[in-house]
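Here's a walk through one protein model, strand by strand and helix by helix. Have a look at the fold before reading on.

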Amino acid sequence: MTKQKVYDIAVIPGDGIGVEITDVALEVMNKVAAKYKMQLNFTKVLAGGCAFDKYGEPLPAETVVQCKKSAAVLLGAVGGPKWDTLPGDKRPEKALLGIRAALGLYANLRPAKIYDVLKGASPLKDAIIESGVDVLIVRELTGGIYFGERGRRAENGVVTAFDSEAYSEKEIARITHTAFAAAMKRRKKVTLVDKANVLESSRLWREVVAKIAPEYPEVALNYMYVDNASMQLVRNPAQFDVILTSNLFGDILSDEASMITGSIGMLASASMREDSFGMYEPIHGSAPDIAGKDLANPLAQILSAAMLFEYSLGMSEPARNIENAVEKVLEKGYRTGDIWTEGFTKVGTKKMGELVLAEL
Ligand code: NAD
C-alpha cells in the first residue's frame with residue numbers, strides 16, 4: 001500500500017469575508033485531499049485586525065512561526081473600518097507586508113483568466129476576448145523601486161524627491177526561474193516586460209533573462225516595453241501566457257489584467273520563494289460591506305487553494321480538478337451577487353461552496 005502523504009497547511013482567515021471564503025475553501029481542499037489520498041493538517045492562526053484585537057498587534061510572532069513550519073499558507077483577507085484609525089504599524093495591512101517579508105516571498109503569481117461563461121463581465125469588446133484571456137503575471141515582490149534608496153534633498157531652497165530602482169542579477173535570476181517553471185506548466189511562452197529602451201535596470205533584466213532562457217528550450221521568450229504591454233493587454237490579451245516583470249510594472253499590470261476579467265471575486269494569487277513554499281490568497285480585500293452576510297464569492301479563494309496544490313504540493317491533477325469544478329458550476333448558471341446577471345441563479349457563499357464540492 002502506498003503511504004498517504006501528509007501536509008501541514010497554515011491557515012490565516014483574517015477579517016471580514018476572509019473568514020467565510022476560507023471556511024468554504026478548506027472544505028474543498030479536504031474533499032480533494034481525500035480523493036487524491038493525502039491528508040492536510042490545517043492550523044488556523046491570526047493576522048490582521050482580529051490579531052490586533054486579541055494580541056495588540058496585527059502579526060503575532062506565533063503566526064509567523066506556524067507559517068514557517070508549514071508546507072504552505074492559505075490567507076483570506078485582512079482589514080476593515082474598525083481598524084482604520086490605528087497607527088501605521090498596528091494596521092491590519094501591515095501584517096501582509098510583515099508576513100511576506102518574514103517568509104521571504106519574492107515572487108507574486110497572479111493569474112487573470114476569463115471563463116467562457118463570464119465573458120460578459122469583461123469590460124472589453126467581444127471581438128477582443130473571443131480568443132480567450134489566460135495570463136499569468138509573475139511579479140518580483142521584494143526588490144526594485146519600492147525597496148530602493150529614497151529621500152529628499154533641497155538645493156537652493158528647491159525640494160527634490162527621489163526613489164531608486166535597483167535590481168541585482170540574483171534577484172532577477174530567481175524570479176526568472178519562477179516564471180519559466182510556471183510557463184512549463186502552461187502554454188510555454190514568457191514575455192519579459194520592461195523599459196529597456198530607457199532604464200539600465202531593465203537592460204540588466206534582459207541580460208539575465210536571456211542567459212537563463214536556454215535552460216528552458218521549450219519555452220518561447222519575447223520582450224516588450226511596459227508602455228506597449230499595457231496597450232497590448234487591452235488590444236490583444238490572448239497573445240500573453242506568462243508575463244515576467246519587476247515589482248513596479250507588475251503592480252500596475254496585474255491590476256490592469258484583473259480588470260479585464262471583470263470580477264475581483266474570481267481571482268487568485270500566490271506569493272512564492274525558491275522552494276515550493278508559498279502563500280495563497282484571493283486578490284480582493286476583506287469586503288467589509290458584505291462581510292458576515294453569506295454574500296461573498298468564495299471562488300477566488302477556492303482557486304487560490306488550487307494554486308496551492310499545484311505550486312506548493314506539486315500536484316497538478318487536484319488543481320485541475322478544482323478549476324474544472326468551478327467552471328462546471330458557472331456553466332450550470334450559478335452566480336454569487338458580484339458576478340450575477342439576469343437569467344442566472346443567485347447563490348450565497350455557502351451554497352456556492354456546496355455546488356463546487358458536488359462537482360469535485
Ligand atoms: P475589497 O476588495 O475588500 O472590496 C472592493 C469591492 O469588491 C467591495 O464592494 C466588495 O464588496 C467587493 N468584493 C471584494 N471581494 C469580493 C468577493 N469575494 N465577493 C463579492 N464581492 C467582493 O477592497 P476595499 O473595499 O478597498 O478594502 C476593504 C478592506 O480590505 C480594507 O481594509 C483594505 O485595506 C483591505 N484589503 C485587504 C487586502 C488583503 O488582505 N490582501 C487587499 C485589499 C484590500
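## Starting with E8 and E10

Strand E8 (residues 189-194) and strand E10 (residues 242-245) run parallel, joined by 4 bridges. Strands count as paired if DSSP finds at least two bridges between them. Within this pair, Leu192 has Leu244 in E10 as its bridge partner. Helix H8 (residues 226-235) lies across E8, E9 and E10, and runs at about 105 degrees to E9.

A word on what you're looking at: this is a predicted model, where local features need pLDDT of at least 70, side-chain atom pairs count only at pLDDT 80 or more, and totals for chains, interfaces and linings use all residues. Residues are numbered from 1 along each chain as its sequence is written, and side-chain values use heavy atoms, with hydrogens and water left out. The element names come from DSSP runs, numbered from the N terminus: helices are H or I with at least four residues, strands are E with at least two.

## The whole sheet

Zoom out, and there's an open sheet of 10 strands with mixed pairing, in the order E2-E1-E3-E12-E11-E4-E5-E10-E8-E9. E2 and strand E9 (220-225) sit at the edges with a single partner strand each, so one side of each has no neighbour in the sheet. From one strand to the next, the twist averages 25 degrees; angles run from 0 to 180 degrees between N-to-C directions, with axes fitted to C-alpha atoms, for helices over the stretch in contact.

Is strand E1 buried or exposed? In strand E1 (residues 5-14), 7 of the 10 residues are buried, so the strand is largely enclosed by the rest of the structure. Buried here means under 20% relative accessible area, with a 1.4 Å probe and protein chains only.

E1 runs parallel to strand E2 (residues 38-44), with 7 bridges between them, and Ala10 stands opposite Thr43 in E2. E1 also pairs in the parallel sense with strand E3 (residues 72-77), over 5 bridges. There, Val11 stands opposite Leu74 in E3.

## Helix H1 against H10

The axes of H1 (residues 17-35) and helix H10 (residues 299-312) come within 8 Å and cross at roughly 40 degrees. H1 and H10 are therefore oblique to each other, the term for angles that are not under 35 degrees (roughly parallel), over 145 (roughly antiparallel) or 65 to 115 (roughly perpendicular).

Which residues meet here? Among them are Ile21, Val24 and Val28 in H1, and Ile302, Ala305 and Leu308 in H10, where contact means heavy atoms within 4.5 Å.

Conventions: Buried < 20%, exposed > 50% of the residue type's maximum accessible area, 1.4 Å probe, protein only. Right-handed = clockwise from strand over helix to strand, strands pointing away.
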